[in-house]
Amino acid sequence: MRARISTAPAGSGRAARLRPVTVRIGAKRGRPGRSVISFRLSPRACLVIAALVAAGLVISALTLSTGSYHVPLSDVVRTVLGDGSTLDRFIITRLREPRLLTALAVGAALGAGGALFQSVSRNPLGSPDIIGFDTGAATGALVVITLIHGTAAQTAAGAVLGGLATAAAVYFLAMRHGVHGYRLILVGIGVGALLSAVNGYLLIRAGENDAQSAALWLIGSLNGRGWDYVGPEALALAVLLPAAWWISRALGVLELGDDLSRGLGLRVEWLRGTALLVGVALAASATAAAGPVGFVALSAPQIARRLTATAGPNTLTSALAGAVLLAGSDLAAQRFPSGLPVGVVTAVLGGLYLAWLLSREWRKGRP
């Protein structure tokens, strides 16, 4: 197994230093065109990834060390490594660390899922929370909470099944000589509005305790998240993130148009359906862990694309941006005087971002 790196002819100045390179893994000597894996590597994207990782580490340190009970950073490191006082171990490993890891994992899932949706729809508004998939996941969870009175695990399973069922309905309703981005978004908005009415009905007929639990879940919250939430979400990411990255390599070509993609040998509808399936699975797993946290899947891919200045889904960068965004929002929510669900903070930030995005499109003269 060999790794080969090829570059374009060297230029001069800053542009040349940030020129993308092609990495081929498994290339044979004398046959550089034959490789097991080949992908483009952008130095600017690498710098952005490093910056996002650094930001995530800073947010993680603040989350673990600050709060009503302050723990010095040196004690945090010692506790995470397995040493530390009994009280520090309880505060960090039982309360703060699982909540932080859940926030990072859920944010990564939402960021990667949103990147796939926006790439397939070729629209910055094409995210799970805008086109109804998160609403469908919420419907599945509400059915379990209000009608079955199920456990947390059953609620999570209901959210996943609800998201998948909604995705299947939207996909087949939008199918007409293929699935086009604008039709997918319009059908998704309509289905989401219908399911929002169903969710309202379920809340009205629910008992007081069930309604309170369901209302908190619908906002999106990381309160009380323990290690039992970290494991399933980490497993979902371990399976779905590599699949999302692999699919995104072809989605960059699909963004050029269906006709050109077919001319290059891509199975367009199969690729689009697979990307939507992986994106829905990512969004549903995140919703199962934290509820329908809004606007992370909408804003994280756009932040990643603007930072990297690279075409295509930018799946891994979007996942990191989503993790940083949600972890930072949860840190702000915890430090609010009366405490807030993280969904309130992301809704405020996402609303501001959506207003800016719409005004920017309007200034460009787009309808």
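Q: Buried means under 20% relative accessible area, exposed over 50%, partly exposed in between (1.4 Å probe, protein chains only). What share of the 367 residues counts as buried?

A: The share is 47%. This is a predicted model: local features need pLDDT of at least 70, side-chain atom pairs count only at pLDDT 80 or more, and totals for chains, interfaces and linings use all residues. Residues are numbered from 1 along each chain as its sequence is written, and side-chain values use heavy atoms, without hydrogens and water.

Q: How many helices and strands does the protein have?

A: Helices (H or I, at least four residues) and strands (E, at least two) are DSSP runs, numbered from the N terminus. The protein has 14 helices and three strands.

Q: What part of the contacts with a separation of 6 or more joins residues 24 or more positions apart?

A: Contact means heavy atoms within 4.5 Å. Of the contacts in the protein with a separation of 6 or more, 69% join residues 24 or more positions apart.

Q: Which residues have the most contacts inside the largest nonpolar core?

A: A nonpolar core is a set of buried Ala, Val, Leu, Ile, Met, Phe, Trp, Tyr and Cys residues joined through side-chain atoms within 4.5 Å. Here the largest one has 48 residues, and Leu251 and Leu282 have the most contacts inside it. At least two residues of this core come from each of H4, helix H6 (152-173), helix H7 (181-205), helix H9 (227-254), helix H11 (268-290), helix H12 (296-308) and helix H13 (315-335). Another core, of 13 residues, lies apart from it; Leu52, Leu64, Val71 and Leu331 are among its members.

Q: What does leucine 282 touch?

A: Set aside residues up to four places away in sequence. Leucine 282 then touches Ala109, Ala112, Gly113, Leu116, Leu237, Leu240 and Ala244.

Q: Is serine 318 buried or exposed?

A: Serine 318 sits in helix H13. It counts as buried because its relative accessibility is 0%. Its partners, not counting residues up to four places away in sequence, are Gly111, Ala112, Ala115, Ala300, Pro301, Ala304 and Pro313. Compare leucine 95, which lies in helix H4 (residues 86-121). Leucine 95 counts as partly exposed because its relative accessibility is 45%.

Q: How far does helix H2 reach from its first C-alpha to its last?

A: The expected span of a helix is 1.5 Å times one less than its number of residues. Helix H2 (residues 43-65) has 23 residues and reaches 33 Å, close to the 33 Å expected. Glycine 67 follows H2, and its phi is positive, near 140°.

Q: Which residues of H2 are buried?

A: They are Ala45, Val48, Leu52, Gly56, Ile59, Ser60, Thr63, Leu64 and Ser65. The cover over these buried residues includes helix H3 (73-80), H4, H12 and H13. Leu52 and Leu64 also belong to the core of 13 residues.

Q: How many salt bridges does a search of the whole structure find?

A: Side chains of opposite charge can pair when their charged atoms come close. A salt bridge is a side-chain nitrogen of Lys or Arg within 4 Å of a carboxyl oxygen of Asp or Glu. The search finds two.

Q: What does the pair of aspartate 330 and arginine 99 tie together?

A: Aspartate 330 forms a salt bridge with arginine 99, and the closest N and O atoms are 2.8 Å apart. Aspartate 330 lies in helix H13 and arginine 99 in helix H4, so the pair ties together parts 231 residues apart in sequence. Both residues are buried.

Q: Where is phenylalanine 295, and what is its phi?

A: Phenylalanine 295 is in the loop between H11 and H12. Its phi is near 75°, a positive value in a residue other than glycine. Leaving aside neighbours within four places in sequence, phenylalanine 295 is in contact with Asp129, Thr346, Ala347, Gly350, Gly351 and Leu354. Check leucine 110 as well: it is 185 residues from phenylalanine 295 in sequence, with the C-alpha atoms 9.0 Å apart.

Q: Which residues is leucine 357 in contact with?

A: Leaving aside neighbours within four places in sequence, they are Pro124, Leu125 and Arg306. Leucine 357 belongs to helix H14 (residues 342-363). Leucine 357 counts as buried because its relative accessibility is 2%. Proline 124 is 233 residues away from leucine 357 in sequence, but 8.6 Å away in space, C-alpha to C-alpha.
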